[in-house]
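This report considers the overall fold of a protein chain and the surroundings of its ligand. The sequence and structure are shown first.

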Amino acid sequence: MNIAKNIEKIQNELPETVTLVAVSKTKPITNLQEAYQAGQRIFGENKIQEMTDKWQEMPKDIRWHMIGHVQRNKVKYMAAYVDLIHGVDSIKLLKEINKQAEKFERKIDCLLQIHIAEEETKFGMDEKEVTNLLASDEIKDLPFINIIGLMGMATFTNDENQIRKEFKSLKTLFDKLKPDYPTLEELSMGMSGDYKIAIEEGSTMVRVGSRIFGERNYNK
Ligand SMILES: *Cc1c(COP(=O)(O)O)cnc(C)c1O
């Protein structure tokens with residue numbers, strides 16, 4: 001695995017407007033250092049403990065993105081430093097992020113996760129839920145969070161049409177909400193297997209892991 005080369009290759013494929021999040025979950029620090037030396041400054045992790053350990057060890061100009069499902073009782077461990085939380089899907093979680101951010105006198109950027117896949121197991125809100133959330137009075141009371149966009153994951157399938165259809169639906173929702181909520185700027189969609197389709201469908205942020213760092217081994 002030549003991590004630097006992989007990053008360069010992907011960066012060359014991305015339009016300038018698209019941000020690359022290097023998904024380093026399960027990977028050792030040495031791999032992250034290699035990516036850092038290649039110029040990568042945004043890393044994505046899906047476990048708060050692991051991300052915090054890596055944040056402590058790595059240079060401080062890195063921006064850490066939480067891309068996994070967030071348990072409310074663990075927000076406090078990343079509130080001091082997390083740059084963007086991708087997977088926010090309830091007002092309860094937003095309230096907790098707001099509360100923890102206040103303790104550190106900072107604002108935390110969040111993306112609202114939308115359920116676009118066919119699979120039941122993926123987290124996220126549907127159109128009605130996100131519309132209600134954004135329109136709610138409760139959300140106006142949270143000065144320490146910024147909702148800067150939406151995030152979604154397509155079905156895990158080889159069917160390109162299916163993936164494209166799901167990304168299209170997320171982009172349509174994004175465009176529909178944006179006039180009323182101009183702070184929505186980022187559309188986080190696309191992973192190793194589908195980021196090219198995601199970009200064609202309007203992604204502004206791709207979360208790429210195995211294409212950079214190689215396959216993950218979960219049986220350790
Ligand atoms: C693991 C993960 C990724 C990266 O997956 P790859 O297929 O390895 O690129 C992207 N987004 C989320 C939410 C993930 O959990």
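The sections below treat the chain as a whole and then the ligand site.

## Overall architecture

The model is predicted. Its chain contains eight helices and eight strands. Along the principal axes, the C-alpha atoms occupy a box of roughly 50 × 45 × 35 Å. The radius of gyration of the chain is 17 Å, which agrees with the value near 17 Å that a compact globule of 220 residues would have.

## Burial and contacts

Of the 220 residues in the chain, 50% are buried. The chain presents an accessible surface of about 11400 Å², and carbon and sulfur atoms account for 48% of that area. When contacts between residues at least 6 apart in sequence are considered, 58% of them join residues at least 24 apart.

The shell around the ligand consists of six nonpolar, three polar and three charged residues. Among the residues that surround the ligand are Val23, Ile67, Met151, Met153, Met191 and Val208. The surroundings also include Lys25, Arg207 and Arg216, together with Ser192, Gly209 and Ser210.

## Polar contacts and ligand burial

The ligand taken alone exposes 390 Å², of which the protein buries 90%.

How values were computed:
Residues are numbered from 1 along each chain as its sequence is written. This is a predicted model: local features need pLDDT of at least 70, side-chain atom pairs count only at pLDDT 80 or more; totals for chains, interfaces and linings use all residues. Side-chain values use heavy atoms; hydrogens and water are left out. A residue is near a molecule or strand if one of its heavy atoms lies within 4 Å of it. Accessible areas come from the Shrake-Rupley method with a 1.4 Å probe; for residues, only the protein chains shown count as cover. Ala, Val, Leu, Ile, Met, Phe, Trp, Tyr, Cys and Pro count as nonpolar, Asp, Glu, Lys and Arg as charged, and the others, Gly among them, as polar. Helices (H or I, at least four residues) and strands (E, at least two) are DSSP runs, numbered from the N terminus. The radius of gyration is taken over C-alpha atoms; the globule rule is 2.2 Å times the number of residues to the power 0.38. Buried means under 20% relative accessible area, exposed over 50%, partly exposed in between (1.4 Å probe, protein chains only). Contact means heavy atoms within 4.5 Å.
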